[in-house]
Amino acid sequence: AIWFTTPQTADLAARVPLEGRVAAAPPFCFVAGLASRKTVDAFGARFGRTLRQHYGSAEGGPVSMDASDDAAVRFGSVGRLVRGVEVHVGDIPGTPASGAQGRIWIRSAGQMAGYGFLPDVDRSELVDGWCPTRDLGQLTPDGYLALSGRMDDCVRLQDGRLVNLALLAARLRDADTVTDAVALPLEEPAGVSCAAIVEGASELDGVRRHLA
């Protein structure tokens with residue numbers, strides 16, 4: 001009844017050539033990670049199912065999922081928090097949430113006790129029971145969680161801008177005729193810049209307009 005997969009596998013299933021009748025997909029299809037709008041639409045067109053997003057961590061277990069009716073599933077959101085899980089977005093838990101994008105902290109009864117084997121369990125990074133993740137996100141006023149990639153995905157460019165390469169690649173995949181894209185940091189004498197390798201684009205002016 002439920003299928004958990006990655007955005008890459010969902011994209012492949014939506015566009016690989018098939019012979020004969022398209023097999024029915026399970027009623028609930030979840031992806032973990034940033035799926036492009038194009039992948040979501042193509043998957044729905046082929047299988048008649050709404051592609052939903054969910055979020056969890058090895059340390060905290062399941063965190064959120066979008067279990068709404070098909071018409072109410074929000075693109076770009078990983079749904080509402082599951083029962084018994086608390087999330088804080090920002091620098092330090094205990095401070096008022098601003099609603100802005102920030103680091104995701106998790107606290108739940110089901111989170112693991114620590115790394116290693118007893119009695120040498122180490123969870124020194126915990127703050128009042130809150131576990132920090134390497135993920136960036138934002139909580140909406142009505143309780144939906146949106147991901148913005150990982151802290152590891154961000155690079156500081158030579159002009160001072162902080163760029164999230166995973167988010168950039170996801171936006172590139174939404175451009176017309178683009179089938180896949182990856183964004184990479186470039187080390188240059190003047191500092192760090194970034195570039196993208198784009199598959200399937202018939203011309204780059206349209207891709208640039210899409211990003212703008």
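Analyst: Happy to. A salt bridge here is a side-chain nitrogen of Lys or Arg within 4 Å of a carboxyl oxygen of Asp or Glu. With that in hand, please keep in mind that this is a predicted model. Searching the whole structure turns up 10 salt bridges, and among them are the ones below.

Let's begin with a network: salt bridges link Asp11, Arg15 and Glu199. For the setting, helix α1 spans residues 7–15. This helix lies across β1, β2 and β3, and runs at about 110° to β1. Those strands belong to an open sheet of 5 strands with mixed pairing, ordered β1-β2-β3-β4-β5. Strands β1 (2–5) and β5 (80–81) are at its edges with a single partner strand each, so one side of each has no neighbour in the sheet. Further in, β3 (residues 51–57) and β4 (residues 61–65) pair in the antiparallel sense over 4 bridges, and His54 has Met65 in β4 as its bridge partner.

Ile2, Phe4 and Phe28 make up a nonpolar surface patch, together showing about 290 Å² of accessible area. Of these, Phe28 sits in strand β2 and is partly exposed, at 34% relative accessibility.

In helix α2 (residues 37–47), Arg37 and Asp41 are 4 residues apart, about one turn of the helix, and their side chains meet in a salt bridge at 3.1 Å, N to O. Both count as partly exposed: Arg37 has 35% relative accessibility, and Asp41 has a relative accessible area of 41%. In helix α4 (residues 204–211), Asp205 and Arg208 are 3 residues apart, again about one helical turn. Their closest N and O atoms are 3.3 Å apart. Here Asp205 is partly exposed at 47%, while Arg208 is exposed at 52%, just as the cut-off of over 50% for exposed requires.

Asp135 and Arg150 form a salt bridge whose closest N and O atoms are 3.1 Å apart. Because Asp135 is in strand β8 (residues 131–139) and Arg150 in strand β9 (residues 145–150), the pair ties together parts 15 residues apart in sequence.

Notes. Residues are numbered from 1 along each chain as its sequence is written. This is a predicted model: local features need pLDDT of at least 70, side-chain atom pairs count only at pLDDT 80 or more; totals for chains, interfaces and linings use all residues. Side-chain values use heavy atoms; hydrogens and water are left out. Two strands pair if DSSP finds at least two bridges between them. Helices (H or I, at least four residues) and strands (E, at least two) are DSSP runs, numbered from the N terminus. Contact means heavy atoms within 4.5 Å. Axes are lines fitted to C-alpha atoms, for helices over the stretch in contact, and angles run from 0 to 180 degrees between N-to-C directions. Patches are made of residues with over 30% relative accessible area and no salt bridge: like charges are joined within 9 Å, nonpolar side chains (Val, Leu, Ile, Met, Phe, Trp, Tyr) within 5 Å. Accessible areas come from the Shrake-Rupley method with a 1.4 Å probe; for residues, only the protein chains shown count as cover. Buried means under 20% relative accessible area, exposed over 50%, partly exposed in between (1.4 Å probe, protein chains only).
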